[in-house]
Amino acid sequence: MYARPDEVRHLHTLGPHGTNLEAASHEWFRRRGVEGTVELHASIESALEAVPDDGRHALTACAVYPALHTLVFSNLHRLHMIDSFVMPTHNMVLASSGTRAPATVASHPAPKGLVPEPARIREVLSNSQAAIDCAEGLVDGCITTIVAAKRHGLRVLRDFGPVPMVFTVHQVLAVRAEDERPLAVGAAR
């Protein structure tokens, strides 16, 4: 089976609600002029495991996702990049539930460079999860999206603005038996 982007009607990506990947998934459908659903998962890795291999489902990822290269190359036999596009993220912000100088800041690994010194970083699986952890008092502050900060009633301490970002769409297809056989050294397909 070959990758056919026009068949995709379901995108799986990183949640919870308010992630840049959720927004990018909706934007991809909008730009293509098709109706589709977006399903959110705890991580990109768990999203990939949930994606059916029927060609109608795909994974939305981000070029700066820390382990995207590992995910792609360890799944070459079934994961096919069918599109990429640039879109600005939601405004990225440093937020808190009240303190002006957070000592511990939750952040996804990708934007953790925005955490101010000397704060300690608590890595989480998404920008939205960072906001949830901050709102629940697990940390003093978070690097998150303006959407997630507002949703969870956080105070914005610094607004870094939107970031032009590359998003990728990967269709998951069934693996044919002949595709799973290893090639002899020097053999070509």
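The largest pocket is lined by 19 residues, and N20, V64, A110, P111 and N127 are the ones nearest its centre. A pocket here is an open set of points on a 1 Å grid over the protein atoms alone, with protein on both sides within 12 Å along at least five of seven lines, and lining residues have an atom within 4 Å of a point. Its volume is about 300 Å³, taken as the space filled by probe spheres set on the points, which are joined across faces, edges and corners. By class, the lining has 13 nonpolar, 6 polar and no charged residues; Ala, Val, Leu, Ile, Met, Phe, Trp, Tyr, Cys and Pro count as nonpolar, Asp, Glu, Lys and Arg as charged, and the others, Gly among them, as polar.

Please keep in mind that this is a predicted model, where local features need pLDDT of at least 70 and side-chain atom pairs count only at pLDDT 80 or more, while totals for chains, interfaces and linings use all residues. Residues are numbered from 1 along each chain as its sequence is written, and side-chain values use heavy atoms, leaving out hydrogens and water.

Now to the sheet. Five strands form an open, mixed sheet in the order β2-β1-β3-β10-β4. Its edge strands, β2 (37-41) and β4 (79-88), each pair on one side only. Strands are DSSP runs of E with at least two residues, helices are runs of H or I with at least four, and both are numbered from the N terminus; two strands pair if DSSP finds at least two bridges between them. Strand β1 (residues 10-14) runs parallel to β2, with 5 bridges between them, and L14 has H41 in β2 as its bridge partner.

Helix α1 (residues 20-32) packs on this sheet and touches β1, β2, β3 (54-62), β4 and β10 (164-173), where contact means heavy atoms within 4.5 Å. Within α1, E27 and R30 lie 3 residues apart, about one turn of the helix. They form a salt bridge, with the closest N and O atoms 2.6 Å apart. The structure holds 7 salt bridges, each a side-chain nitrogen of Lys or Arg within 4 Å of a carboxyl oxygen of Asp or Glu.

Two cis peptide bonds are set out here:

| Cis peptide bond | Omega | Loop holding the proline |
|---|---|---|
| G15 to P16 | about -5° | P16: between β1 and α1 |
| E117 to P118 | near 0° | P118: between β6 (104-107) and β7 (120-123) |

How values were computed:
Axes fitted to C-alpha atoms, helices over the stretch in contact; angles between N-to-C directions. 1 Å grid on protein atoms, 1.4 Å probe; cavity = no way out; pocket = protein on both sides within 12 Å on 5 of 7 lines; lining within 4 Å.
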